[in-house]
Amino acid sequence: MAKIGINIATGSLQQAEMIVGIDLGTTNSLVAIIHPETKLPTALREFDGSSIVPSVVHFDAYGNVQVGEQAKPYLESDPKNTIFSAKRLMGKSYKDIQTHQDFFAYKVIDDNTESLVKVQVGNKFYSPIELSSYILEELKKRAEHILKTPVTKAVITVPAYFNDAQRQATRDAGKLAGLDVLRIINEPTAASLAYGLGLDPAEEKTIAVYDLGGGTFDISILKISNGVFEVLSTNGDTYLGGDDLDRAIIEYWLKQFAIDNLDQHIELKQQLRLAAEQAKIALSTKDVFETKFGGETISITKQVFENLIHPIVQKTINCCTNAMRDAGLKAIDINTVLMVGGSTRVPLVKQTVATFFNQPVNDSVNPDEVVALGAAVQADILAGNNVSMLLLDVTPLSLGIETMGGLMDVLLPRNSKIPTQAGRQYTTQKDAQSGINIAVFQGERDLVKDNRKLGEFTLKGIPSMPAGLPKVEVTFLINADGILQVKAKELRSGVTQSIDIKPQYGLTDDEVEQRLLDSITHAKSDIAMRALVVASTEAAQLLAVTEKFLAKNAVILTQAELLETAGAMQALQLAITMEDKDLIQTKTEELNDISRPFAERAMDQAISGALKGKDIQQI
Ligand code: AMP
């Protein structure tokens with residue numbers, strides 16, 4: 001039943017509680033809704049017109065927490081107690097971020113490099129989830145203040161590259177802030193929704209979403225048809241954005257105007273950083289920028305600026321090339337290019353992207369708000385106001401389980417559309433085996449040791465059966481948030497076991513990229529290794545079976561036959577130790593050739609024995 005309330009501030013009637021869309025950004029965050037009257041996605045604004053809350057959290061000596069614009073000045077004056085970019089730490093271990101440790105001015109704890117990071121402020125420790133929850137709490141408070149109604153339900157966006165752990169961490173942060181997170185969606189997917197793409201079910205389009213924010217870059221290729229959004233591929237760089245453009249200007253000024261190292265002068269450093277950002281923003285519309293610094297005039301022209309940032313922009317184009325390659329598309333296949341993130345206001349960025357995709361870019365929606373606006377559109381779909389739409393995303397890396405000999409058996413190939421499900425049957429290797437271990441891995445390599453382990457569990461209680469008889473069905477289910485559930489069921493007995501994968505630490509974009517590259521460079525050696533593992537596993541099985549056979553049936557063999565078999569077994573064992581695939585195969589064949597007649601003889605004996613038995617019984 002729909003609830004109806006009255007807005008006590010305005011006296012107007014209110015519908016059931018609104019679901020808000022939240023862009024929880026690395027640098028800035030904001031909330032949007034579908035306006036109840038205009039039905040248009042709208043960013044929530046304070047009286048001063050501001051919609052953006054800087055993603056900055058400051059803790060004072062008394063434990064008071066300030067978030068957003070009020071916390072921002074402390075970035076320079078009290079850096080140890082002021083947390084920015086908490087999003088970069090979501091679902092990460094210290095090991096994941098240690099190469100970027102210098103980036104964080106606050107203390108990121110490194111005592112256990114494998115487990116999730118914590119941030120130390122004074123004598124207190126905060127998880128990235130708690131830190132993000134402060135930002136979400138502030139957004140919730142703001143939304144409630146503006147809407148004059150409680151806000152408890154939200155759709156939150158995350159970068160397309162976020163893995164399970166990072167999505168789960170974002171969900172947990174929402175919960176901690178008192179929000180019921182109805183859906184986690186990818187930022188580029190949200191952006192395309194904000195552009196109203198896919199609202200007409202007859203529309204068929206392939207679009208590129210180019211998202212260059214303050215500190216991160218993402219490119220996604222989406223396909224829209226029948227009101228369905230499908231992410232064909234994603235690529236990006238988590239340490240590339242507007243901050244790099246600012247830094248390029250700072251470095252230029254330091255050199256050009258022989259400014260001394262400012263490391264000891266926090267205020268001057270901050271002043272120069274702000275001036276650089278001002279210059280960058282001004283140069284989006286002007287040809288020259290000039291300001292005073294330390295009594296001197298410093299300046300930069302648009303031409304110089306563009307020369308400085310050319311390599312940075314080129315880096316984003318390399319990512320675009322990769323994304324297009326993964327999607328199997330050429331520029332001519334792209335119908336629309338959407339610009340997202342404040343840094344896409346830089347004219348050189350627009351021009352370079354337009355040249356790459358060979359068409360003008362689409363930048364009509366405010367690039368700072370577009371993601372939150374799209375989240376609001378998704379929230380509206382979830383509220384049941386737009387039922388014709390569905391969202392599909394993709395898995396960035398293949399998912400599978402470990403099988404005999406440490407091989408990776410892929411159940412869901414990379415770039416599988418989610419939500420999705422896949423299953424495969426396995427069996428036991430030993431007689432009366434009561435448990436089977438399911439180890440789940442993510443990656444493109446043939447051996448699990450080269451991939452990343454996500455989790456493992458044991459299916460216990462399999463009733464006693466000969467090897468090969470139990471049927472264990474393993475199912476992978478990825479829900480719409482991209483969270484993986486792995487289930488194993490023994491079909492004859494019905495015993496079932498499952499886990500939700502919430503990995504302890506995540507992969508950086510670079511690592512995802514590296515894993516893909518590794519899978520290509522190692523393709524040949526991986527194939528050879530797989531062949532060796534398969535041959536060794538088969539050989540080991542034959543040795544085990546032969547040994548078992550000999551223990552039972554030695555009496556039906558002559559001494560010479562026993563010696564010959566032992567020799568062949570020894571030769572095969574040696575071939576396995578030498579890891580020589582061809583030799584293993586030859587020696588397996590030889591042992592098979594020797595032992596096959598014995599098995600037949602044993603069978604004959606057993607049958608005649610059985611018949612004799614019958615005869616006797618029958619008499
Ligand atoms: P976002 O993370 O999407 O909020 O983007 C923030 C980044 O956009 C910051 O690096 C800003 O300096 C940058 N930005 C905002 N406006 C402009 C502009 N007009 N020209 C260039 N960069 C801008």
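Predicted model: local features only at pLDDT ≥ 70, side-chain atom pairs only at ≥ 80, totals over all residues.
**Ligand shell**

The ligand is surrounded by 15 residues. The closest are G214, E277, K280, S284 and G342. By residue class, the shell holds 2 nonpolar, 9 polar and 4 charged residues. Helix α7, residues 266-282, gives the most to this shell, with 3 residues.

Polar atoms of N28, G214 and K280 each face an oxygen atom of the ligand, as the table shows.

| Residue | Polar atom of the residue | Distance to a ligand oxygen atom |
|---|---|---|
| N28 | side chain | 3.1 Å |
| G214 | backbone | 3.0 Å |
| K280 | side chain | 2.6 Å |

On its own, the ligand has 510 Å² of accessible area, and the protein covers 85% of that area.

**Salt bridges**

The model has 19 salt bridges. One of them pairs R273 with E76, whose closest N and O atoms are 3.4 Å apart. R273 belongs to helix α7, while E76 belongs to helix α1, residues 74-77. The pair therefore ties together parts that are 197 residues apart in sequence. E76 is at 16%, so it counts as buried. The cut-off for buried is under 20%.

R247 and D244 form another salt bridge. Their closest N and O atoms are 3.1 Å apart. Both lie in helix α6, residues 242-256. They are 3 residues apart, so about one helical turn separates them. R247 counts as partly exposed because its relative accessibility is 38%. D244 counts as buried because its value is 17%.

K587 and E590 also form a salt bridge, with the closest N and O atoms at 3.2 Å. Here the helix is α14, residues 581-618. K587 and E590 are 3 residues apart, so the separation is again about one helical turn. E590 is partly exposed, at 35% relative accessibility. Elsewhere, salt bridges that share partners join R445, K449 and D450 into one network.

**Helix α4**

Helix α4 runs over residues 164-176. How far apart are its end C-alpha atoms? They are 18 Å apart. At 1.5 Å a residue, its 13 residues should span 18 Å, so the two values agree.

Is α4 mostly covered or mostly uncovered? It is mostly covered, with 10 of its 13 residues buried. Among the buried residues are D164, R167 and R171, along with Q166, Q168 and T170. A165, A169, A173 and G174 are also buried.

**Residue M90**

Where does M90 lie? Its place is in the loop between β9, residues 82-84, and α2, residues 94-97. M90 has 1% relative accessibility, so it counts as buried. Along the chain, M90 and F162 are 72 residues apart. Their C-alpha atoms are separated by 9.2 Å.

Note on methods
Residues numbered from 1 in each chain as written. Heavy atoms only, no water. Near = heavy atom within 4 Å. Polar contact = N/O pair within 3.5 Å; in protein donor to acceptor, adjacent residues only side chain to side chain. Areas by Shrake-Rupley, 256 points an atom, 1.4 Å probe, with all protein chains shown as cover. Helix = DSSP H or I, 4+ residues; strand = E, 2+ residues; numbered from the N terminus. Nonpolar A, V, L, I, M, F, W, Y, C, P; charged D, E, K, R; others polar. Salt bridge = Lys/Arg side-chain N within 4 Å of Asp/Glu carboxyl O. Buried < 20%, exposed > 50% of the residue type's maximum accessible area, 1.4 Å probe, protein only. Expected span 1.5 Å × (residues − 1).
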